[in-house]
Amino acid sequence: MPDTRLQGASNFRDLGGLRNRHGQRLRHGMVFRSDHLANLSADDQAALRQMGVTHSMDLRGVQEHAARPYAIDGLRHVPLPIEPTVVRRVEALLRRGTIPTESETVALMCETYQDFVRHHGPTFGTLLRHLIEQPTPQVFHCTAGKDRTGMAAALLLGALDVDRDTVMEDYLLTNQRYRRDAAWEGQGPEHVMAILWQVQEAFLNSAFETIDHHFGGLDAYLEGPVGLHRMQREALRQRLLA
């Protein structure tokens with residue numbers, strides 16, 4: 001997979017090149033995932049234009065977007081807000097004087113992924129349909145490009161019949177690519193923040209388990225809560241696979 005990097009986005013990457021169960025590959029230069037785009041340099045913005053990226057689907061919550069907005073020439077911003085509930089849960093615990101342990105913080109992250117599945121299927125469905133409807137390259141992102149973005153990538157790759165081991169490999173690349181923003185340092189105990197700003201197999205597996213046990217598997221989940229019907233899923237495959 002080509003190593004596409006931007007100066008102002010540490011977790012930006014092309015999903016192209018990933019192979020599905022049928023030997024098909026996701027086309028390069030069509031779908032990118034990233035952390036937030038508010039710190040992109042002029043060179044970064046020029047690089048996006050050179051890649052032909054025309055839409056950014058922003059999964060950040062309303063306040064997150066307001067704190068770090070961006071306007072990039074030639075890039076249409078598409079807000080698809082999912083609020084960052086895990087941060088609020090941790091903040092509420094700290095205000096009460098309760099410092100969660102490492103295992104409790106992991107459990108909070110797993111609950112967050114379960115909530116993605118239970119409550120935000122329609123939002124992820126909007127993202128997937130946008131990939132079908134727009135013929136040009138697109139990027140989707142949240143703040144760190146790891147949780148909401150990781151869930152969106154997992155559903156996209158799953159809809160393209162990419163196996164879960166490969167989905168997990170892409171997901172875990174965040175631990176190599178993402179650089180914690182200094183502006184967020186010191187906002188909580190280090191053992192808590194270290195977990196919040198990385199990814200673990202347990203997080204995404206908790207989402208998969210919820211999909212399997214509560215919705216009857218990925219196919220049923222995509223057709224149900226996500227609202228991606230069979231013809232749309234085939235259109236997505238035709239659009240992105242080679």
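User: Is arginine 89 buried, exposed or partly exposed in this predicted model?
Analyst: The model is predicted, with local features needing pLDDT of at least 70, side-chain atom pairs counting only at pLDDT 80 or more, and totals for chains, interfaces and linings using all residues. Residues are numbered from 1 along each chain as its sequence is written, and side-chain values use heavy atoms, leaving out hydrogens and water. Buried means under 20% relative accessible area and exposed over 50%, with partly exposed in between (1.4 Å probe, protein chains only). Because its relative accessibility is 27%, arginine 89 counts as partly exposed.

User: Which residue meets arginine 89 in a salt bridge?
Analyst: A salt bridge requires a side-chain nitrogen of Lys or Arg within 4 Å of a carboxyl oxygen of Asp or Glu. Arginine 89 lies in helix α3 (residues 85-95) and its partner in helix α4 (residues 102-119), so the pair ties together parts 22 residues apart in sequence. Helices are DSSP runs (H or I, at least four residues), and strands are runs of E (at least two), numbered from the N terminus. At 3.7 Å, N to O, the partner is glutamate 111.

User: Where do the buried residues of α12 lie around the helix, and what arc do they span?
Analyst: In α12 (residues 230-240), Arg233, Leu236, Arg239 and Leu240 are buried. The arc is taken from the directions from the helix axis to the C-beta atoms. Seen down the axis, these buried residues line one face of the helix, because they fall within an arc of 125°.
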